[in-house]
Amino acid sequence: MRTRDYEAGVNGRESLRIPFRTVNVRGLELLINPDRFRRSMEEMARVGATKGGGVNRLTLTDADKQARDLFAAWVSDAGLELQIDEMGNMFARRAGREDEAPPSMAGSHLDSVPNGGRFDGSLGVLAALEVVRTLNDKNVSTRRPIEIVNWTNEEGPRFPPSMLGSGVFAGAIALDTAYEMKDANGARFLDELERIGYRGDAPCAPRPIGSYLELHIEQGPALVSEGVQVGVVEGIFGLTWLRVTMRGERDHAGPTPMHMRRDALVGAARTIAAIREIPGKLHPEFVATVGEFSLSPNAINVIPDDVTFSVDFRHNDPELLTEARRLIEEAARREAERENLEVEIQDVGGSTPTAFDESVAQVIRNVSEEAGYSHRPMWSAAGHDARYAADLGPTAMIFVPCVAGKSHSEEEDMDWEDACRGCDVLARALWKMADS
Ligand code: HGY
Ligand code: MN
Ligand code: MN
């Protein structure tokens with residue numbers, strides 16, 4: 001893991017070796033305690049740590065359990081009441097003066113993609129924890145209760161679709177559907193949730209929320225390329241996940257003449273090449289990705305007869321998402337016919353584009369101004385649990401830059417100053433929302 005000595009900038013502490021790119025945070029008037037926040041981020045980054053400086057914490061694995069247990073211990077140390085629901089979503093609650101009022105929520109996720117980054121998700125959960133620790137330090141009460149959330153299975157690669165825990169919580173996905181999901185090895189979601197001991201009793205169902213805030217790295221190049229410190233996220237792209245299977249005929253790679261072949265890999269390859277051209281036909285911000293691919297028998301001298309690949313496509317215009325799906329299906333059927341293959345297109349999940357709440361976005365703008373941080377409006381092309389929280393109450397997100405905009409990779413990195421600034425904006429905004 002790349003580490004650098006932490007400049008003794010905060011409280012004059014001696015150098016501490018941490019895995020973050022560090023910059024002097026002396027110049028920031030922070031509400032939060034940057035040392036304590038960094039230590040928690042650093043300790044969480046060790047859970048499922050990979051040699052390349054990232055984390056491997058697929059949902060409901062032992063590493064996910066370890067992260068949950070660590071978070072639960074910190075929640076208890078902070079004197080919060082921990083509630084775990086039927087999907088394993090974790091809600092750490094700090095009482096409010098009017099404790100019956102719908103809570104002000106803030107959170108994100110502790111699961112990761114395979115060999116992902118150590119900030120994706122963790123930043124939002126641990127920044128929310130740091131805000132509550134700061135309110136405790138300052139003995140500040142809030143009108144509303146505050147709930148920090150660690151959502152189950154935000155990422156999705158093991159048990160698609162992504163944002164599963166928040167999707168069930170918002171009533172968009174049925175609990176039983178989630179429970180019966182199976183991973184590539186046939187393990188069932190419910191069995192894994194019980195195995196790690198996080199199948200809670202609290203109902204995983206819609207309830208009123210006063211507001212929801214999520215701090216996250218941008219995972220894209222806009223903020224870092226423009227030198228802007230805070231992204232005020234006003235909405236989130238819709239995304240659709242499909243799995244396409246093409247079946248042909250297994251045969252010998254030698255004696256089978258080319259005109260007699262039904263090669264599933266050729267049909268899939270031509271379809272994938274066609275998919276790559278679709279975003280350019282629709283919109284500069286339209287994106288499409290083939291991320292999963294499997295074929296059988298995967299033998300050098302056998303014509304492949306069975307190929308499955310995923311398609312992930314996103315935009316903030318629902319009509320373009322519909323058109324993209326039509327074009328993808330058209331390409332798959334065309335190439336299947338050309339190679340005399342069977343083709344099956346399966347829905348794996350998705351979510352619709354959603355505008356966040358303008359009043360919450362305005363609070364983020366105001367507190368960023370107050371603190372003297374530059375900011376700009378933007379939409380998120382990455383999926384986040386805020387998408388489903390927005391169905392239950394006023395929601396918006398705070399983005400901060402990450403190095404080169406890179407994410408879902410062990411190279412994911414950020415300047416410590418940006419992490420602190422994001423946490424500071426979350427503190428100021430959550431404090432306001434919880435007293436509103
Ligand atoms: O896929 C996404 O955008 C999110 O990281 N789960
Ligand atoms: Mn994330
Ligand atoms: Mn992610």
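Which side chain has an N or O atom 3.1 Å from a nitrogen atom of ligand 1? Select Glu 154: its side chain supplies that N or O atom. A pair like this is a polar contact, meaning N or O atoms within 3.5 Å; within protein, one must be able to donate a hydrogen and the other to accept it, and residues adjacent in sequence count only if both atoms are side-chain atoms.

Before moving on, some ground rules. This is a predicted model, where local features need pLDDT of at least 70 and side-chain atom pairs count only at pLDDT 80 or more, while totals for chains, interfaces and linings use all residues. Residues are numbered from 1 along each chain as its sequence is written, chains are lettered from A and ligands numbered from 1 in the order in which they are written, and side-chain values use heavy atoms, with hydrogens and water left out.

**Stop 1: around ligand 1**

Now pick Arg 314, which has a polar side-chain atom 2.6 Å from an oxygen atom of ligand 1. Then click His 408, where a polar side-chain atom sits 3.1 Å from a ligand 1 oxygen. On its own, ligand 1 exposes 210 Å², and the protein buries 95% of that (Shrake-Rupley areas with a 1.4 Å probe).

**Stop 2: the manganese ions**

Jump to ligand 3, a manganese ion. Its protein donors are Asp 120 (OD), Glu 155 (OE), Glu 155 (OE) and His 408 (NE2), at 2.1 to 2.7 Å (donors are N, O and S atoms within 2.8 Å of the metal, or 3.2 Å for Na, K and Ca; water is not among the atoms, so sites may look incomplete). Asp 120 is in the loop between β5 (104-108) and α3 (122-137) and His 408 in the loop between β18 (395-400) and α12 (416-434), so the pair ties together parts 288 residues apart in sequence. Those labels are DSSP runs numbered from the N terminus: helices are H or I with at least four residues, strands E with at least two.

Slide over to ligand 2, the manganese ion 3.4 Å from ligand 3; Asp 120 coordinates both. Ligand 2 is held by His 109 (NE2), Asp 120 (OD) and His 216 (NE2) at 2.1 to 2.3 Å. His 216 is in strand β7 (residues 211-217), 96 residues from Asp 120.

**Stop 3**

Show the backbone at Pro 160 and Pro 161: the peptide bond joining them is cis, with omega near 5 degrees. Pro 161 is in the loop between β6 (146-150) and α4 (164-169). Another cis bond links Ser 296 to Pro 297, with omega about 10 degrees.
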